[in-house]
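Set each value against its cut-off.

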Amino acid sequence: MSTNVLVDLSNALAEAAAKAGASTVLVNARQRIPASGIAILADQILTADHTIEREEDITVILPDGVQVSARLAGRDPGSDLAILRLEKPLATPAEPVEAEPRVGQMVLAVGRPTSAGIQASLGVISAIAGPVHTGSGGVLERYIRTDTTPFPGFSGGPLVDSSGRVVGLNTSGFGWGASVTIPADLAWKTAETLASHGHIRRGYLGIRSQAVEIPAASQKALGRSHPTGLLLVGVESDSPAGNAGLMVGDILVGIAGHAVLDHDQLMAYLTGSVVGQPTPIEVLRGGQPATLSVTVGER
Amino acid sequence: MTSNNILQLSQMLANDLDAIVQGVRPSLAVVRNHHGAGAGIVAASDGLILTNLHVLGRHMPSVLLADGGEYAGQLFARDPEIDLALLKIPATGLEAISFAAEKDVRIGELAFALGHPWGQRGYLTSGIISALGTAKTDGNRGFIPIIRTDVPLAPGNSGGPLVNAVGELLGINTMIVGGDQSVAVPAWIAREFIGQAARQSRPAHHWNARQDYYAANPGLL
């Protein structure tokens, strides 16, 4: 270690970029500029769904320049993630971070939009936010904003910390302006579901609802602080909700043991494991708590 | 890490950053044309100033050095294909910038720009080497290697130095693409340009001044 801290920092960043580069690939699945992808297994690439514009003739270029064919194994526009399966298991899997990312942490956005080598931009984690609606029927539980510069073709590539470990997947696909990072733990979990099921199962209840304030007396009856809930203003007949006995006027306040305060939270919990399963839904009916078992349908 | 160590570390960082600024500032020049100004650097102690060709106007530019001295700049050499120009000023004993020995820069390496963005003299901005690419040109070379960084640049940075963590020249800041991606001409290309300036077969402006200069300074060839 030299006595020049800047030189050490500079070297550490160059090494982090190189380490990230070893598991960052180029993804060719659209007419225009290629996108980036993160190898999560030797034969699996995680990338941004919005960069996959065709399902045939998808190719991936590995860090050593080797081109491999890939097929679309699963996609979810709601989370803007997609999994590609490589014809040959030649990729080097990335290492995700273990610790929670923190605001202020120094990070590199890394991409491989050309076969000429990786590209990188430096910044810090500016904010960790969520949950938020993604506009494609999905809810992003948590996301990271940074002040890195998103170069063209960076979507699908990794955000790494100063040790080169993956903090998340960068994407500009939500249309919120600058690039946003999907945290690694969420991305990897979605990747697993996509790889095994091909898509994210989104639950369906058959209700129309509106957020309302819950009066103090009803919160007391619930036995917890619960300021808002979802008033059911419509229940479709012969729907999962209808068949379970939910009624217009019920205020939905919980599902599968999770408190629900707004629509985004409900959407976040109506995925994955509850689909197809009898699931407890907690409501306030006439000011009193009640729990009904709903077999969640699939959208 | 104790708070003491962190304080020490941030002090060391501040010292290192200051060292870059102190090291580069003596070689940093302002190149003023009739409608504005850009930056330039002292390429040789005998008064050779390197800048972007596009910083020069149609008339003789004036060069303002770090010590406050102001000189008329004579066009010594130009290469539109790489947007570089060499000016000669009647000054000696100047501090020339050091060129980085390594031709290869690494992605992720820290990079700093010194220049005069929006007229702010001697302004430091920082980022990293983001990408190494090539740019197509209309000249004989056909294309040239370029360095792309995420160092914030603005009008007034053109012609100024892009340096590494020890203040050595990595490139000449030349332009901004798409509003936020900065492009620099690599230092080794600038070095070749300076060395080849005397070998230009086309007679150019102030030919005699250039011939005399190189006769006295053979090292530059």
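**Labels and their cut-offs**

Pro131(A) is found in the loop between β8 (119-129) and β9 (132-133) of chain A, where helices (H or I, at least four residues) and strands (E, at least two) are DSSP runs numbered from the N terminus. This is a predicted model, in which local features need pLDDT of at least 70 and side-chain atom pairs count only at pLDDT 80 or more, while totals for chains, interfaces and linings use all residues. Residues are numbered from 1 along each chain as its sequence is written, and chains are lettered from A and ligands numbered from 1 in the order in which they are written.

Q: What makes the peptide bond from Gly130(A) to Pro131(A) cis?
A: Its omega is near 0°. Most peptide bonds are trans.

Q: Is Trp118(B) buried or exposed?
A: Trp118(B) has 9 other C-beta atoms within 10 Å and is therefore exposed. Trp118(B) belongs to the loop between β8 (110-115) and β9 (123-136) of chain B. Its phi is also positive, about 50°, and it is not a glycine. Most residues other than glycine have a negative phi.

Q: How do you know that the length of helix α1 (residues 5-21) of chain A is close to the expected one?
A: The expected span is 1.5 Å times one less than the number of residues. Helix α1(A) has 17 residues and reaches 24 Å from its first C-alpha to its last, close to the 24 Å expected. Its buried residues include Leu6(A), Leu13(A) and Ala17(A).

Q: What makes β10 and β13 of chain B a pair?
A: Two strands pair if DSSP finds at least two bridges between them. Three bridges join β10 (residues 143-149) to β13 (residues 181-186) in chain B, and the two run antiparallel, so they pair. Arg148(B) stands opposite Val183(B) in β13(B). Helix α2 (residues 187-196) of chain B packs on the sheet, touching β10, β12 (169-177) and β13 of chain B.

Q: Which strands form the closed barrel of chain B?
A: The six strands run β8-β9-β10-β13-β12-β11 (chain B), with antiparallel pairing.

Q: How many residues of chain B are in contact with chain A?
A: Two residues are in contact if their C-beta atoms, placed from the backbone, lie within 7 Å. By that rule 22 residues of chain B touch 20 residues of chain A. The largest share of the chain B side, six residues, comes from β9(B).

Note on methods:
Axes are lines fitted to C-alpha atoms, for helices over the stretch in contact, and angles run from 0 to 180 degrees between N-to-C directions. A residue is buried if 20 or more other C-beta atoms lie within 10 Å of its own, exposed if 12 or fewer, and partly exposed in between; C-beta atoms are placed from the backbone.
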